Amino acid sequence: MAAARYVPINLGDRATLNSTEIFSTNFPLTNLQLQGRSPTTRFLNNGGITIQAQFSAPAPVSCVALCGHSLSPIGTIAVELYSNINVTGLIASTGAVTVYPNGLSSTVENLALPENAIFRNKAFYFPTAPSVGAVIIRILDSGSSAGYNEVKRLVIGQYKEFAYQDAFGGATLAIDSLTTVERNKSGSQVSDKGANFTRIEVKKEWIKDGSDWSDLIAAYTRLGMDADFFYSQFPSDTTMGLEEFYYQGMKKFGQMSAVDKWVYGLNRTSFSLEGQ
């Protein structure tokens with residue numbers, strides 16, 4: 001399992017997007033480039049979905065992710081990277097990959113439930129970070145009963161990976177809720193249903209000098225607490241993929257502490273990440 005990864009600059013937000021499978025003009029492709037859970041992009045599921053992203057100039061790409069998707073457990077995604085902006089020069093292809101890890105269906109009661117939308121994310125990694133001019137994403141999902149599939153955010157960019165994974169207790173996961181609870185005069189508890197969101201409390205004790213340290217400072221500065229970005233605490237998890245499933249997605253910094261150069265060559269900090 002790799003150490004935590006994050007994509008501070010999302011090239012997908014400034015790419016030119018195309019697809020012939022748009023379900024409705026009320027759910028356009030440009031929604032993939034907007035922060036927040038809604039509105040989504042809705043694709044007509046007529047046997048296959050293709051999303052094409054073209055850049056104004058080639059740039060390094062090592063991560064492509066679809067966040068907030070509605071694919072069924074038998075859905076697959078394939079990602080193709082092209083060297084030229086006119087979608088020629090295939091340099092990498094993942095082939096069709098199932099969107100959920102092995103063993104997940106027996107762990108999560110119903111992936112289609114609205115409460116589980118916060119976990120429906122899929123990321124692909126290309127460690128060599130080739131120079132990419134265009135990306136094609138191919139989706140197949142014969143298990144969708146709605147006749148369409150939705151995706152909230154498209155991430156394309158170069159990931160940063162910490163040199164060391166966090167120590168035990170260094171990445172706690174909480175499911176927070178906006179539901180309010182009170183008791184009426186009879187003593188019964190009454191709930192006003194609100195959305196759930198994830199919160200990860202990260203304690204970084206071993207941030208190396210050099211790019212490990214400077215990349216995080218740059219992310220703090222660039223993203224602040226208002227810009228979303230893709231983060232995975234346990235990328236490429238091989239233990240059924242469940243840790244990756246729960247600990248990845250679009251996040252915002254909820255809090256950022258000072259960076260302390262506490263021993264020679266190592267720095268430490270802590271931050272909270274709130275799921276979008």
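1. R42 is in contact (heavy atoms within 4.5 Å) with E21, I22, F23, S24, F27, Y148, N149 and E150, leaving aside residues up to four places away in sequence. This arginine belongs to strand β3 (residues 41-44), strands being DSSP runs of E with at least two residues and helices runs of H or I with at least four, numbered from the N terminus. R42 has a relative accessible area of 14% and is therefore buried, where buried means under 20%, exposed over 50% and partly exposed in between, computed with a 1.4 Å probe and protein chains only.

2. The model is predicted, so that local features need pLDDT of at least 70 and side-chain atom pairs count only at pLDDT 80 or more, whereas totals for chains, interfaces and linings use all residues. Residues are numbered from 1 along each chain as its sequence is written, and side-chain values use heavy atoms, with hydrogens and water left out.

3. Helix α1 (residues 211-223) has 13 residues, which at 1.5 Å a residue should span 18 Å, in agreement with the 17 Å between its end C-alpha atoms; the expected span is 1.5 Å times one less than the number of residues. Within α1, D212, L216, A219, Y220 and L223 are buried. Seen down the axis, the buried residues of α1 fall within an arc of 100°, so they line one face of the helix, the arc being that of the directions from the helix axis to the C-beta atoms. The cover over these buried residues includes β1 (5-7), β13 (160-161), β17, β18 (229-232), β19 (248-256) and β21 (266-275). After α1 comes G224, which has a positive phi, near 55°.

4. The whole structure holds 11 salt bridges, each defined by a side-chain nitrogen of Lys or Arg within 4 Å of a carboxyl oxygen of Asp or Glu. One of them pairs K204 with D166, with the closest N and O atoms 3.0 Å apart. Because K204 lies in strand β17 and D166 in the loop between β13 and β14 (171-177), this pair ties together parts that are 38 residues apart in sequence. Both K204 and D166 are buried.

5. R199 forms a salt bridge with D176, the closest N and O atoms being 2.5 Å apart. Since R199 lies in strand β17 and D176 in strand β14, the pair links parts 23 residues apart in sequence. The side chain of R199 also meets that of E201 in a salt bridge (2.9 Å, N to O). R199 is partly exposed at 23% relative accessibility, and E201 is likewise partly exposed, at 29%.
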